[in-house]
Amino acid sequence: LQTTIPDKFENGFRFQGGEVREVEAKDDNGDLVLTYQELCVYYENEDGKKIIFCAGENLEELPKRDDVPDESRSVREVPVNYYLDHYKFVPEDYKLSEAEEAWAQQPGNYVSYGSDEVEEQEVAFLTWTENGMYYFFMDTNPGDPEILFAMAEEVICQQ
């Protein structure tokens, strides 16, 4: 993967570490359809807030989001989309109620299996594609979207 990774951002987030991970994409039946690599880099500011930046090859086989972003703008002529998603993390053997199943069908709501207990959490994503690559910032304790837009602008300017 060829991309520029900042050591630090103007808003105080600093490089903490990173990894290249193997991602398995599955279809609606849970069958493996694709395996690919993704670079993930971890940043933290002086207050202890953490943000993850990921990049990978923009493969045609990867599913594209079809829901409407919470905010969109152009950064140096690159379309950038902000999503505020709602996750319910549940144990492997958890059975969803009818109300939870209906909730999970709404755009931006997701159920993730494998946690020790039931938890709900908002997660912000800022996404874009450029030069055959996809990029996203993930904030598991979302605040002001401007933080992510400013970081994206710094990355886009360096590419």
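Is Arg 76 buried or exposed? With a relative accessibility of 58%, Arg 76 counts as exposed (buried means under 20% relative accessible area, exposed over 50%, partly exposed in between, with a 1.4 Å probe and protein chains only). The model shown is predicted: local features need pLDDT of at least 70, side-chain atom pairs count only at pLDDT 80 or more, and totals for chains, interfaces and linings use all residues. Residues are numbered from 1 along each chain as its sequence is written, and side-chain values use heavy atoms, with hydrogens and water left out.

View A. Arg 76 sits in the loop between S4 and S5 (helices, H or I with at least four residues, and strands, E with at least two, are DSSP runs numbered from the N terminus). Most residues other than glycine have a negative phi. Asn 131 is exposed, with a relative accessible area of 70%.

**View B. The disulfide of Cys 40 and Cys 54.** The structure holds one disulfide (a pair of cysteine sulfur atoms within 2.5 Å). The sulfur atoms of Cys 40 and Cys 54 are 2.4 Å apart. Cys 40 belongs to strand S2 (residues 32–44) and Cys 54 to strand S3, so the pair ties together parts that are 14 residues apart in sequence. The link is right-handed, with 110° about the S-S bond. Both Cys 40 and Cys 54 are buried. Cys 157, by contrast, is partly exposed, at 38% relative accessibility.

**View C. Helix H2 and the strands it packs against.** The 14 residues of H2 (residues 145–158) should span 20 Å at 1.5 Å a residue, and the end C-alpha atoms are 21 Å apart, which agrees (the expected span is 1.5 Å times one less than the number of residues). At the N-terminal end, Asp 144 caps H2, with a side-chain oxygen 3.0 Å from the backbone nitrogen of Glu 146. Among the buried residues of H2 are Leu 148, Phe 149, Ala 152, Val 155 and Ile 156. The buried residues pack against strands S3 (50–57), S4 (71–75), S5 (78–90), S7 (119–130) and S8 (133–139).

**View D. Trp 128 in strand S7.** Trp 128 is buried, with a relative accessible area of 3%. Beyond four places in sequence, Trp 128 is in contact with residues including Phe 53, Val 80, Tyr 135, Ala 152, Val 155 and Ile 156 (contact means heavy atoms within 4.5 Å). Trp 128 and Ile 156 are 28 residues apart in sequence and 9.6 Å apart in space, C-alpha to C-alpha.

**View E. Asp 85 in strand S5.** Asp 85 counts as buried, at 2% relative accessibility. Its side chain makes a polar contact with the side chain of Arg 65 at 2.8 Å (a pair of N or O atoms within 3.5 Å; within protein, one must be able to donate a hydrogen and the other to accept it, and residues adjacent in sequence count only if both atoms are side-chain atoms). Not counting residues up to four places away in sequence, Asp 85 touches residues including Gly 108, Tyr 110, Gln 121 and Phe 125.
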